[in-house]
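Colleague: I'm new to this one and would like to learn how to read it. Could you take me through it feature by feature?

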Amino acid sequence: MGEDFSKAIWGKTVAICTVDEDLMEMVRKGFSEGAVAEVLPDCRKDDNTGYSPEEMKDIEDGYEEQKKTINMPLCDTKGAAMIRNSFIKHFPHHGNDVEVGVYYSRTGGEKAQWHSDNNHNLTIQVLGEKTWSCAKGSTHTVRSKAKLDPPKNHSEQLEKSTYFNESNASQVTSYTLTPGTAFYIPPGWWHTVASVGRYDSFSIDLRIGNVLHAKWICEAVFSGLQERFHQVSHPSSAMGMQDYNNGVSDGLKRQMEYVAENIVNMAQSHPIPRALPSQWRLSNGFARVGTLEYLSDVLAPTMLGTSDTSRIQFTKNISVSFRTLPSALCLDFFFESTLSTMEYFRYTMHIPPTPEDREYVMQLVKDRSHTVSGFPLLASVLVYANLAVLVTEQPVEEKQAKKRARKNTK
């Protein structure tokens with residue numbers, strides 16, 4: 001997989017290939033040869049906590065006695081970290097959210113109903129066999145759903161009329177995955193999966209988030225409007241009587257006009273962050289950590305110049321805090337949308353605790369901006385990750401003119 005995969009397959013169609021045996025050996029070792037009892041302790045819940053011994057026993061008993069599928073979407077074995085980091089390194093422009101999960105399925109056990117996922121999925125079959133039956137769906141999807149789910153809005157009502165007919169063989173294609181096989185399916189494509197053959201199935205799935213342009217435009221616009229209009233000193237900006245009475249209030253009109261004039265700048269100052277690789281021994285589940293040196297080596301970002309007029313500025317949506325450990329300075333990044341409550345980014349960067357670097361980092365966090373020349377390596381990594389943007393100092397007269405213009409829009 002490489003450039004051809006990105007151009008011809010990614011987000012367009014399904015694909016199947018054979019994984020190199022040396023790589024498969026690393027995968028098997030990284031997941032304890034698929035032993036359930038050894039993999040479960042490294043799986044996490046949505047809140048990043050692990051499973052208790054009692055919970056793991058219940059999961060194993062359900063698998064062995066009732067043939068219940070074990071689906072652990074957040075796996076943090078050493079092999080999971082290897083797969084995640086390898087994807088981010090070789091496909092750095094493909095997503096902001098990359099996670100690894102595991103599936104254990106008994107032959108003759110549960111069969112997944114027809115459904116579609118709101119993410120790209122790369123599955124590696126490690127043990128046993130699985131049959132994937134697939135049908136084309138819409139990649140313009142915003143949520144995962146079962147084919148039998150009732151529509152939740154008018155858009156889904158319209159989409160439901162285009163659903164495939166599983167009884168029509170020409171609309172369904174099936175693929176059997178054997179050990180050492182990798183399978184890709186785009187977001188929105190319908191599929192049902194069953195374990196087949198003599199042996200139980202163990203597979204690994206790499207999921208890459210799918211964010212529509214429309215969704216990110218809304219995120220950027222909402223964040224921009226919050227910054228501009230949702231200050232304590234501003235009058236209430238909530239919908240009022242005039243808005244509910246089929247009218248457009250002055251407050252709503254003011255914000256609509258602001259969006260029309262500033263939407264391009266909103267999008268540019270709110271870039272979506274990239275997924276970053278992490279160091280397994282420093283991380284804790286999906287509270288991921290990496291040193292600045294490690295990120296520089298893996299990502300090889302384009303180094304920024306050292307012009308005195310060049311500065312970096314944190315993007316509008318990212319939260320940044322600073323703390324000190326005995327062995328490192330820590331930059332903690334977090335971004336959860338106030339519009340959709342979706343978590344887009346969480347990462348901790350470790351920086352060597354030299355006095356010069358400490359002074360730079362403290363000032364950077366305080367002002368949310370600093371010169372590139374003060375710490376070119378850090379600035380380059382932050383811009384590469386879309387956590388900061390490169391800006392050029394404006395003349396004083398231009399700054400004052402923009403300040404007056406903002407006052408006039410109040």
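Colleague: Where is S116 placed?

Modeller: S116 sits in strand β4, residues 115-116. Helices (H or I, at least four residues) and strands (E, at least two) are DSSP runs, numbered from the N terminus. This is a predicted model, where local features need pLDDT of at least 70, side-chain atom pairs count only at pLDDT 80 or more, and totals for chains, interfaces and linings use all residues. Residues are numbered from 1 along each chain as its sequence is written, and side-chain values use heavy atoms, with hydrogens and water left out.

Colleague: Is S116 buried or exposed?

Modeller: Buried means under 20% relative accessible area, exposed over 50%, and partly exposed in between (1.4 Å probe, protein chains only). S116 has 1% relative accessibility, so it counts as buried.

Colleague: And which residues does S116 touch?

Modeller: A contact means heavy atoms within 4.5 Å. Leaving out residues up to four places away in sequence, S116 touches S144, K145, G188, W189, W190 and H191. Take W189: it is 73 residues from S116 along the chain, yet their C-alpha atoms are separated by 5.4 Å.

Colleague: What about the protein chain as a whole?

Modeller: Of the contacts in the protein chain with a separation of 6 or more, 78% are between residues 24 or more positions apart. Buried residues make up 44% of its 410 residues, and its secondary structure comes to 13 helices and 18 strands. The C-alpha trace spans about 75 × 60 × 45 Å along its principal axes.

Colleague: How does K57 compare as a case to read?

Modeller: K57 belongs to helix α4, residues 53-66, and is exposed, with a relative accessible area of 51%. Its side chain makes a polar contact with the side chain of D61, at 2.8 Å.

Colleague: How do I read two helices meeting, say α7 and α9?

Modeller: Axes are lines fitted to C-alpha atoms, for helices over the stretch in contact, and angles run from 0 to 180 degrees between N-to-C directions. The axes of α7 (residues 213-229) and α9 (residues 250-269) come within 9 Å and cross at roughly 120°. That makes α7 oblique to α9; angles under 35 degrees count as roughly parallel, over 145 as roughly antiparallel, 65 to 115 as roughly perpendicular and the rest as oblique. Among the residues making the contact are I217 and L225 of α7 and Y258 and M266 of α9.

Colleague: Last one: what should I look for in phi?

Modeller: Most residues other than glycine have a negative phi. Here E33 has a positive phi, near 60°. E33 is in the loop between α2 (21-30) and α3 (36-39) and is partly exposed, at 45% relative accessibility. R368 has a positive phi near 60° too, and lies in the loop between α11 (355-367) and β17 (369-371).

Conventions
Polar contact = N/O pair within 3.5 Å; in protein donor to acceptor, adjacent residues only side chain to side chain.
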